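Work through the exercises below with the sequence and the model side by side, trying each task before reading its solution.

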Amino acid sequence: MANLQLGRTQFGDPANSGKVLTEAEALQLLEDWVPNERLRLHMRQVGALLKTWALERESLEEADAHKWWLAGVLHDADWEKYPEEHCRRIIEELERREIDPTIIRTIACHGPRHFGVEPESAMEKMIYVFDELSGFIHAAALIRPNRYEGMDVKSVLKKLKTPSFAAQVNREEIQDAISRTNLTLEEVINFIIKIQPDVSL
């Protein structure tokens, strides 16, 4: 497996604080960089979860919540085309576009074990929390006749304890991400179940 360690913990230029991509620009980048529709869906889900969390749980203004959305919707932009340079490519692209460094660093934090960047801010911790867990819950929803409708926390927890289900999802990373917050796994699962159907059509 490729060494994805980024070798740095500072990203972007502080002078670019507040500079963002518009929603249209971000979705165009997604279209250009990510051919796989299922991967694009995952990234939109993480973006939606982060934005809703920012608005509802962090009480942020729309402009700040947009930064959370951008980090989520672009975090895996280079994973499909450039797996050997995952995270590095999208970080360099956003630095080239002079995007707010908090967005770039959040993307670098979505897999601390892989990229070597430890989540510190709330935005950085929550992208790590939502990334693996939202994909797992979506996999669980896809095998249900009514998808997310009627899904409960208990059924998700049961599947998490079943190693053969969605075996590619790293349970240790899910637990590690949760342990860095003051949240419970049950609380986050419930939030994801409530929010994800909006972008899961």
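## Exercise 1: The covered side of a helix

What covers the buried residues of α1 includes α2, α3 and α4 (88–96), where helices are DSSP runs of H or I with at least four residues, numbered from the N terminus. The model is a predicted one, in which local features need pLDDT of at least 70 and side-chain atom pairs count only at pLDDT 80 or more, while totals for chains, interfaces and linings use all residues. Residues are numbered from 1 along each chain as its sequence is written, and side-chain values use heavy atoms, with hydrogens and water left out.

Task: find which residues of helix α1 are buried, and describe where they sit around the axis.

Solution. Start with the list: in helix α1 (residues 23–33), the buried residues are Ala26, Leu29, Leu30 and Trp33, buried meaning under 20% relative accessible area, exposed over 50%, and partly exposed in between (1.4 Å probe, protein chains only). These residues span an arc of only 100° around the axis, so they lie on the same side of α1; the arc is that of the directions from the helix axis to the C-beta atoms. Next, take glutamate 23, which also belongs to helix α1 but is partly exposed, with a relative accessible area of 48%. Leaving aside residues up to four places away in sequence, glutamate 23 touches His66 and Trp69, contact meaning heavy atoms within 4.5 Å.

## Exercise 2: Two partners of α2

Task: determine how α2 is oriented against α3 and against α10.

Solution. Two packed helices are described by the angle between their axes and the distance between the axes. Axes here are lines fitted to C-alpha atoms, for helices over the stretch in contact, and angles run from 0 to 180 degrees between N-to-C directions.

First, helix α2 (residues 37–56) packs against helix α3 (residues 62–74) at an angle of about 155°, and their axes are 7 Å apart. This makes α2 roughly antiparallel to α3, since angles under 35 degrees count as roughly parallel, over 145 as roughly antiparallel, 65 to 115 as roughly perpendicular and the rest as oblique. Residues in the contact include Met43, Leu50 and Trp53 of α2 together with Ala65, Trp68 and Val73 of α3. Sorted by class, the contact of α2 with α3 has 12 nonpolar, 2 polar and 3 charged residues; Ala, Val, Leu, Ile, Met, Phe, Trp, Tyr, Cys and Pro count as nonpolar, Asp, Glu, Lys and Arg as charged, and the others, Gly among them, as polar.

Second, α2 and helix α10 (residues 185–195) pack at an angle of about 110°, with axes 10 Å apart, and α2 is therefore roughly perpendicular to α10. Here Ala48, Leu49, Thr52, Trp53 and Glu56 in α2 meet Phe191, Ile192, Lys194 and Ile195 in α10, a contact that divides into 6 nonpolar, 1 polar and 2 charged residues.

## Exercise 3: Positive phi in loops

Task: decide whether serine 59 is buried or exposed, and do likewise for alanine 166.

Solution. Most residues other than glycine have a negative phi. Serine 59, in the loop between α2 and α3, has a positive phi near 55°, and at 61% relative accessibility serine 59 counts as exposed. Alanine 166, in the loop between α8 (153–160) and α9 (171–179), has a positive phi near 45°, whereas its relative accessibility of 14% makes alanine 166 buried.

Conventions
Helix = DSSP H or I, 4+ residues; strand = E, 2+ residues; numbered from the N terminus.
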